[in-house]
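Hi everyone, thanks for coming. I've got one structure to walk you through today, so let me put it up on the screen.

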Amino acid sequence: MKGAIFCGYGEYVEQAHGLLTWLDIIDRSELAQSSSFIATDIYDDNIFVELLTISSEVLNVSLSEILTEFGEFLFPTLLGSAKHHIGNCSNVFEFLDHVENVIHIEVKKADPLAYTPSLILDTVSENELLIKYTSHRQVCFLAEGLIYGAAKHFKQKVTIEHLSCTHQGDKHCLMKVISE
């Protein structure tokens, strides 16, 4: 996993819960070598999983809640690095289509070893979108938080419902996103 995600996670924990909490999480980690990560380096996914698990224990918050909050926090940073690829998107649904059909492709062009999740979108109506989310990392709740962040960016309110989820034993995650 890209170091930028780890850097963002450290910033999220520090801002939301304090530097001492972040340092405590790192101290409890058996895999993380330091509280500092290099954005351009690649780190083992297991380090991220361990940091999330420790965070959940320390903060007494579910992993899904941590990932959702982190995703919403991370969105502006990711948008900043891909802003020149978003085109003329005017709403969250257009943006999500652009993520899969432009941004993920550009990420892979820039870094052939990069792994991006698969998003298959099905527009049900003007206000409803189904997203089939597939990733070996199983961080659908991070994706959910990123969607909330995108909605905030486009000054929209959305609700998200998981119709199926790998965390419940399903083969993929299916999210229903409703724009209000």
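This is a predicted model: local features need pLDDT of at least 70, side-chain atom pairs count only at pLDDT 80 or more; totals for chains, interfaces and linings use all residues.

Residues are numbered from 1 along each chain as its sequence is written, and side-chain values use heavy atoms, with hydrogens and water left out.

Okay, back to Lys155. Its phi is positive, about 55 degrees, although Lys155 is not a glycine. Most residues other than glycine have a negative phi. Lys155 also counts as exposed, because its relative accessibility is 76%. The cut-offs go like this: buried is under 20% relative accessible area, exposed is over 50%, and partly exposed is in between, with a 1.4 Å probe and protein chains only.

Gln138 has a positive phi too, near 55 degrees, and is not a glycine either. You'll find Gln138 in the loop between β2 and α6. With a relative accessible area of 36%, Gln138 is partly exposed.

Now the whole chain. How many helices and strands does it have? Six helices and four strands, and along the sequence they run α-α-α-α-α-β-β-α-β-β. The C-alpha atoms fill a box of roughly 50 × 35 × 30 Å along the principal axes. The radius of gyration is 16 Å, which agrees with the value near 16 Å for a compact globule of 180 residues. That radius is taken over C-alpha atoms, and the globule rule is 2.2 Å times the number of residues to the power 0.38. Buried residues make up 42% of the 180.

Next, contacts, meaning heavy atoms within 4.5 Å. Among contacts between residues at least 6 apart in sequence, 52% join residues at least 24 apart. Have a look at Glu100, in helix α5. Leaving out residues up to four places away in sequence, Glu100 touches Ile105, Pro117, Ser118 and Leu119. Glu100 and Ser118 are 18 residues apart along the chain, and their C-alpha atoms are separated by 7.2 Å.

What about disulfides? A search of the whole structure finds zero. Cys140 is in no disulfide, and the nearest cysteine sulfur, in Cys173, is 3.4 Å away. That's too far for a bond, because a disulfide needs the two cysteine sulfur atoms within 2.5 Å. Cys140 is buried at 0% relative accessibility, and Cys173 is buried at 2%.

Last stop, the largest pocket. Its lining has 47 residues, and Ile5, Leu78, His104, Val107 and Thr116 lie nearest its centre. The lining divides into 33 nonpolar, nine polar and five charged residues. Which element gives the largest share of that lining? That's α5, with eight residues. On a 1 Å grid over the protein atoms alone, a pocket is an open set of points where a 1.4 Å probe fits, with protein on both sides within 12 Å along at least five of seven lines, and lining residues have an atom within 4 Å of a point. Here, Ala, Val, Leu, Ile, Met, Phe, Trp, Tyr, Cys and Pro count as nonpolar, Asp, Glu, Lys and Arg as charged, and the others, Gly among them, as polar.

Note on methods. Helices (H or I, at least four residues) and strands (E, at least two) are DSSP runs, numbered from the N terminus.
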